[in-house]
Amino acid sequence: MKNRLKVLRAERDWSQQDLADRLEVSRQSVNAIETGKYDPSLPLAFRIADLFGLPIEAIFLKD
Amino acid sequence: MASISARRRYIGRMIPISIAYIVTVMLASRIIPDDAAATPLTVAVALVPALATSGFIWAMARYITELSDEYVRMLEIRKMLVATGLTLALASGWGILELLTDVPRVPLFYVFPVWCLGLAAGSLVNKATIGDGGPCP
């Protein structure tokens, strides 16, 4: 699954660690999600969507 | 962060269990003479270190359940799956060899240490497939 996490993070000038702290996950997790190595669970995807104030489908896209 | 505190709690549990394991193994080997018969007393004394071994497994299970970071938890569970698969494959393979040939008998005691070595193999598998070995508890 593709995602726009890196772009959304860059728009806010957040580092991976900044985003990880806001989501209460490890920087490893943010990196794995951003690079498409790991697809987050639905609860985590909702947390990400809430944080950016966007619907899930505006962040995560089908391949 | 939550996964760091889960890790700290894990280490905090493993240290006393490890000390208990070493002490009870030393005590049991002093109390029980070599080649002792399996009496209720010798069996009871010999099983005390096994409680510590069960403690290691309990601490690992708690670590997994307390990990709130789902990605790190996935890495850890994958390591454990690889370790379990390797251990079962090795134990079954060697067991058949023991059954059919005169290879040396390997004490069952080694199953758990082999599983722990399997965790390192699991870390390598994670590194090779996901590019992330995960933490090394």
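Chain B has a radius of gyration of 18 Å, whereas a compact globule of 137 residues would have one near 14 Å. The radius is taken over C-alpha atoms, and the globule rule is 2.2 Å times the number of residues to the power 0.38. The model is predicted: local features need pLDDT of at least 70, side-chain atom pairs count only at pLDDT 80 or more, and totals for chains, interfaces and linings use all residues. Residues are numbered from 1 along each chain as its sequence is written, while chains are lettered from A and ligands numbered from 1 in the order in which they are written.

Along its principal axes, the C-alpha trace of chain B spans about 50 × 40 × 15 Å. Chain B holds four helices and zero strands. Helices (H or I, at least four residues) and strands (E, at least two) are DSSP runs, numbered from the N terminus. The order in chain B, from the N terminus on, is α-α-α-α. Of its 137 residues, 14% are buried. A residue is buried if 20 or more other C-beta atoms lie within 10 Å of its own, exposed if 12 or fewer, and partly exposed in between, with C-beta atoms placed from the backbone. Two residues are in contact if their C-beta atoms, placed from the backbone, lie within 7 Å.

The UniProt record (unreviewed entry) places the feature "transmembrane region" at residues 12–32, 38–59, 80–100 and 106–125 of chain B. UniProt positions are given in the numbering used here, feature names are shortened, and annotations may be inferred rather than shown by experiment. Residues 38–59 of chain B are 91% helix and 0% strand, with end C-alpha atoms 30 Å apart. Residues 106–125 of chain B are 75% helix and 0% strand, and their end C-alpha atoms lie 27 Å apart.

Chain B is assigned two domains, domain 1 (1–68) and domain 2 (70–137). Such bounds come from an automatic or database domain assignment. The C-alpha centres of the two domains of chain B lie 19 Å apart. Seven residues of domain 1 of chain B are in contact with seven residues of domain 2 of chain B. On the domain 1 side, helix H1 (2–31) and H2 of chain B are the elements that give two or more residues. That side divides into four nonpolar, two polar and one charged residue. Ala, Val, Leu, Ile, Met, Phe, Trp, Tyr, Cys and Pro count as nonpolar, Asp, Glu, Lys and Arg as charged, and the others, Gly among them, as polar.

Chain A has four helices and two strands. Its elements run β-α-α-α-α-β from the N terminus on. Of the 63 residues of chain A, 24% count as buried. For "domain: HTH cro/C1-type", UniProt (unreviewed entry) lists residues 5–59 of chain A. Those residues are 62% helix and 0% strand, and the end C-alpha atoms are 7 Å apart.

One buried residue of chain A is A:Ile48, with 23 other C-beta atoms within 10 Å. A:Ile48 lies in helix H4 (residues 42–52) of chain A. Not counting residues up to four places away in sequence, A:Ile48 touches A:Leu23, A:Pro40 and A:Ile59.

Ten residues of chain A are in contact with ten residues of chain B. Helix H3 (residues 27–34) of chain A gives the most to the chain A side, with three residues. By class, that side has four nonpolar, four polar and two charged residues.

The largest nonpolar core has 17 residues, and those with the most contacts inside it are A:Val30, A:Ile33 and B:Tyr71. Such a core is a set of buried Ala, Val, Leu, Ile, Met, Phe, Trp, Tyr and Cys residues joined through C-beta atoms within 7 Å. Helices H2 (16–23) and H3 of chain A, and helices H2 (40–66) and H3 (70–100) of chain B, each supply at least two residues of this core. Domain 1 and domain 2 of chain B each contribute at least three. Not counting residues up to four places away in sequence, A:Ile33 touches A:Asn3, A:Leu5, A:Tyr38 and A:Pro40.
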